[in-house]
Amino acid sequence: MRRMLFAGLAALAALPAAALSPSATGGKLDLETIMANPDWIGAAVESPYWSVDGRSLYYSLKRDGSKVRDLYRVDPASGQSTKLDAAAVAQADGAPVFDRSHRHAAFVRHGDVFLVDVGSGRRVQVTRSTDEESSPRFSSDDRSLQYRQGNNWFVYDIAGGVSAPAAVLRFVDDPQAKQPDALGRQQLDLFNALRQNKSDKDAQRANDDALAAADPGRAPKPIFLGEGGEPVDTELSPDGRWMLVVTKPKDFKKGKEPEVTHYVTDSGYAEQQETRTYVGRNAAAPQSLLLIDLKAAKFYPLKTDSLPGIKDDPLKDIRSKTVAALEKAGKADEAKALKAPDQRSVRIISSAEDGGGGGIVWSDDGQNVAVQLRAIDNKDRWIASVDFDRHALVNQHRLTDNAWINWNFNDFGWLKDGRTLWYLSEETGYSQLYSKSLGGKPRALTSGKFEVSHPLLSDDGQWFYTRTNQVAPYSYDVYRVPSGGGELSRVTQFQGMNDFVLSPDGRQLALLHSSPYRLAQLAVQDAAGGAARELTNTMKPEFTAHAWIAPQIVGVPSSHAAGTVWAKYYGPSDPVVAASRPAVIFVHGAGYLQNVTLSYSNYFREQMFHNLLVQQGFVVLDMDYRASDGYGRDWRTAIYRQMGHPELEDLLDGKAWLVKNQGVDPRRVGMYGGSYGGFMTLMSLLRAPGEFAAGAALRPVTDWVTYNHEYTSNILNDPQLDPEAYATSSPIEYADKLQDALLIQHGLIDDNVLASDSIRMYQRFIELHKNNFWLSLYPMERHGFVHPDSWHDEYRRIDELFQTWLRPTPSATN
């Protein structure tokens, strides 16, 4: 589901309970072991960054038996790591940013901003407040440090040691601009005392304005932006001259928010919690842009009417069909409500409301700015610059997708010349990196049938470092390409690359990498390539001592001309006996998520469960069905207006591959998965009855009408506009087809996919007089379970389901 929900949909769990000590050696596995608190496995290295002087690396590790993260410092040369105590943390660097000359650095520690003289190491604490400061950066002339506090920007004068607001914005009408009405004018005409009072006030204000203009030590006067909107994001130019403000309509109604009930509470009383609106009940608030000239204290709306295609209706055909059906049914009011707007509304991609900045990027010198906008119907993305003289947006790039614009691959910025844009685009079908001078033609810096992500421009502006899967869809490493164009060359050789950070001098890369049974670890390597030096090993011996089954990556041929469906196969090493083995197909969550990789899986518990299933005589297939990440735009959008259909074709091809190549009995194939995987388990059993003997649907979406707007409207449009897509894609519409054993499991306080989804489906089965279906509810769990007891109970029931319905019958064993 949507990228900002991926952690929940992948069922990653933070674990508050103290770790158990399972003895996972080379012997047999059991559910108590694999569903225990995973502190026994180890801890992943998180959030690495370089020190200001580039001589150390910092990283975080989760503390055993706690959600607390401890900070560590490691020497890249020796590999010596030190856990920092509270006093040392107080003196540690944060992730630094540098001025152009690298004379000064700045970082945030415990929500406050610090300034460092790089040469001497002298540190100055710029802020000390109860508010959270963020986004420190240096002005274009390196004389000041800019930072933000929410949507308010401040400027710290390095030489003077004084901090002041860059602007004071008021989202109300200017009280001084109010003019008297007819009655007020009559009062002034009649009464000398009132005229004198007004004259005194005007004189005092004029004097105050003159004093303020002559005194640079004063804070700026408020800029009044009017009553109509409220701020979503603000971005200050590095030269301090301009500010862009993203707004949304004031008091925009979100629509009714359903509630979940907490039955097990501290108070002993059931308590209610509001969650999120259903799709289409209301859409996301439209956003607008204001350009503020801070020097002149004036503001200008940046209209979007010049963006190419902004007045088109990409849903015209669907709209016409739905409107005609409503009018024929006598629902004229509903038909009228679906009238296409004269101009489509937009949102600023990755604005603060969507997760914290990124939709607006200034050039280093503050002379140019780029804004990334997205049509609220999800069909167009624009990157526009701003003409400061005309106070207007100028389109630089338009990406159109008749399905939906991807959540990922929207990175963009400026080259060091401040006049050339760079950006990622899926326009060829795969995310690739481009550059474009203002008003010029785009230039492809990379090309091919692979995905480019995580672009990072080196501080000297010479190189882009990226993460790509050029070798194979499931293999990720760091590559680099000259910023002016040239060969894309491979830098690392891990195949399971998670992330990377370039050192302050641009000569080294800090690398987070992992493998199927090895959590993310930290290494360091020359930025140009070469051998990597491992710096951490945070795995526990109880886990590494076990002889885990290495997943075999296999290509399943599509019978529907989709190409190859990549999958991970878990099975025994003994010879295949024809049509003798039971099998389980695992379906990953989120839809748009890639689980067939050479990295450590989000589904580490499921992977251990697959080892247990093999131990019990099963084989397991884990597929990256269509809609999965990592395979290009067409793979992603194959499910547009038909969720659950192309994916089912792929899963059935997976079953056929197991039968043909792994001696699997076609009568004894089961399926399970959570979230989108739970949805697909339902769709598989209900749309292909008899193909799967049993299925476990964990926290499944059963009716897309009740899921959230941000994710669902991308793929299925709005339910009022496109009811056909929702009927086609919702399992509850196929409930009458159930004939195979089905276990549904759901956390009762799930505020992502609400438990009401599963309960409604359960009631539907009751009314249809179905057999062999069960519902298991977990009072203390949300979308991603966090309690080992719940994990154990959940998988005990799944294991029992497969043992009951997939094992050979007595007659088959004779």
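Predicted model: local features only at pLDDT ≥ 70, side-chain atom pairs only at ≥ 80, totals over all residues.

Visitor: How many salt bridges does the structure hold?

Guide: A salt bridge is a side-chain nitrogen of Lys or Arg within 4 Å of a carboxyl oxygen of Asp or Glu. The structure holds 41 of them. In one, D401 pairs with R636, and the closest N and O atoms are 3.4 Å apart. This pair links distant parts of the chain, 235 residues apart: D401 is in the loop between β25 and β26, R636 in helix α10. Helices (H or I, at least four residues) and strands (E, at least two) are DSSP runs, numbered from the N terminus.

Visitor: Is D401 buried or exposed?

Guide: Buried means under 20% relative accessible area, exposed over 50%, and partly exposed in between (1.4 Å probe, protein chains only). D401 is buried because its relative accessible area is 7%, and R636 counts as buried at 0%.

Visitor: Which residue forms a salt bridge with R797?

Guide: The partner of R797 is D793, with the closest N and O atoms 2.7 Å apart. Since R797 and D793 lie 4 residues apart in helix α16, about one helical turn separates them. R797 is partly exposed at 32%, whereas D793 is buried at 17%.

Visitor: Where is N611, and what does its side chain reach?

Guide: N611 is placed in helix α9 (residues 604-615) and counts as buried, at 5% relative accessibility. Its side chain reaches the backbone nitrogen of I549 at 2.8 Å, a polar contact being a pair of N or O atoms within 3.5 Å; within protein, one must be able to donate a hydrogen and the other to accept it, and residues adjacent in sequence count only if both atoms are side-chain atoms.

Visitor: How many bridges join β38 to β39?

Guide: Two strands pair if DSSP finds at least two bridges between them. Here 6 bridges join the antiparallel strands β38 and β39, and G555 stands opposite W566 in β39. In this hairpin, with 6 residues between the strands, A561 takes a positive phi near 60 degrees.

Conventions. Residues numbered from 1 in each chain as written. Heavy atoms only, no water.
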